[in-house]
Amino acid sequence: MEGFGQSVLHYVGGASSGIERALHDIFAAILEHQPQGMLVAEAEGCIGGYVIAIPSMPYLWWHVISRGHLWQWAKRWLQGDYGIELGAVLSLAQNKAGFALSQIRLARHTNKARGHTAQILSIAVHPSYRGQGIGHALLHKALGYLATTSAAFVKLEVRPDNLPARRLYEDLGFIAVSRTCDSQGPWIVMLKSLRGGPLT
Ligand SMILES: CC(C)(COP(=O)(O)OP(=O)(O)OC[C@H]1O[C@@H](n2cnc3c(N)ncnc32)[C@H](O)[C@@H]1OP(=O)(O)O)[C@@H](O)C(=O)NCCC(=O)NCCS
């Protein structure tokens, strides 16, 4: 929450009650499925930053559904534990659907025969530790992990005005291939080959 500030609170209309619990539940489910893809950087004994790298989003969704996490989240949301209004949930679902469509459109940039596309789901460095190479180190390590999986490409989305993040991704070889948008504005979709060589 400290890493993303307002963009997290967007879904709860500025109030943070319950959002920690929602994030905890989501991160715990991802950790259960993909412990090797969740990396934390320690700085002075604290969490300086983290990255979440997912080799296959369909497998993550399968895990979330088959292990009952989705129903658990729905139950907690209905009980009011997360403090998120219906409108925000619908907007979140619409955003996720937009990302899924952008994934389908990406097919023209990736050669399916070479393998599927992994995802950098999230990366953030604590504001106190930014600009010291932690983001670069985390992403580099995450890409190293993804290269050991069967994924051939890796994708991420970044806001056009997020210059530090764009610079980081470009440094590590990501290329802007398309655009999508959600309720908070546009996203640039960036792609990188994990096996070297061109994207297609
Ligand atoms: C993006 C983010 C993870 C980068 O982490 P970081 O530890 O500060 O990054 P690094 O120190 O490794 O720097 C990476 C590159 O970004 C550049 N950079 C860092 N801060 C910058 C700034 N304020 N403006 C422009 N570029 C910047 C650095 O110059 C570096 O490029 P270089 O190696 O070519 O000099 C961090 O800014 C962050 O947590 N932002 C908020 C969360 C976020 O936006 N996540 C990405 C969502 S897509």
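**Close-up 1. Glu44 in the loop between strands S1 and S2 of the predicted model.** Strand S1 spans 38-43 and strand S2 spans 46-54, with Glu44 in the loop that joins these numbers. Phi of Glu44 is near 50°. That is a positive value, and the residue is not glycine. Most residues other than glycine have a negative phi. The relative accessibility of Glu44 is 71%. Glu44 therefore counts as exposed, since the cut-off for that class is over 50%.

**Close-up 2. Packing of helix H2 against helix H3.** H2 covers residues 19-33, and H3 covers residues 57-66. The two axes lie 10 Å apart, at an angle of about 115°. H2 and H3 are therefore roughly perpendicular to each other, a class that takes in angles of 65 to 115 degrees. Their crossing is right-handed.

**Close-up 3. Residues in the contact of H2 with H3.** H2 contributes Ala29, Ile30, Glu32 and His33. From H3 come Tyr59, Leu60 and His63. By type, the residues of this contact divide into four nonpolar, two polar and one charged.

**Close-up 4. Cysteines Cys46 and Cys181.** Which of the two classes, exposed or partly exposed, does each residue fall in? Cys46 has a relative accessible area of 40%, so Cys46 is partly exposed. Cys181 reaches 51% relative accessibility, so Cys181 counts as exposed. A disulfide is a covalent bond between the sulfur atoms of two cysteines. The rule used here asks for a pair of cysteine sulfur atoms within 2.5 Å. By this rule the model has zero disulfides.

Key
Residues numbered from 1 in each chain as written. Predicted model: local features only at pLDDT ≥ 70, side-chain atom pairs only at ≥ 80, totals over all residues. Heavy atoms only, no water. Buried < 20%, exposed > 50% of the residue type's maximum accessible area, 1.4 Å probe, protein only. Axes fitted to C-alpha atoms, helices over the stretch in contact; angles between N-to-C directions. Helix = DSSP H or I, 4+ residues; strand = E, 2+ residues; numbered from the N terminus. Parallel < 35°, antiparallel > 145°, perpendicular 65-115°, else oblique. Left-handed = near helix turned anticlockwise from the far one by under 90°. Contact = heavy atoms within 4.5 Å. Nonpolar A, V, L, I, M, F, W, Y, C, P; charged D, E, K, R; others polar.
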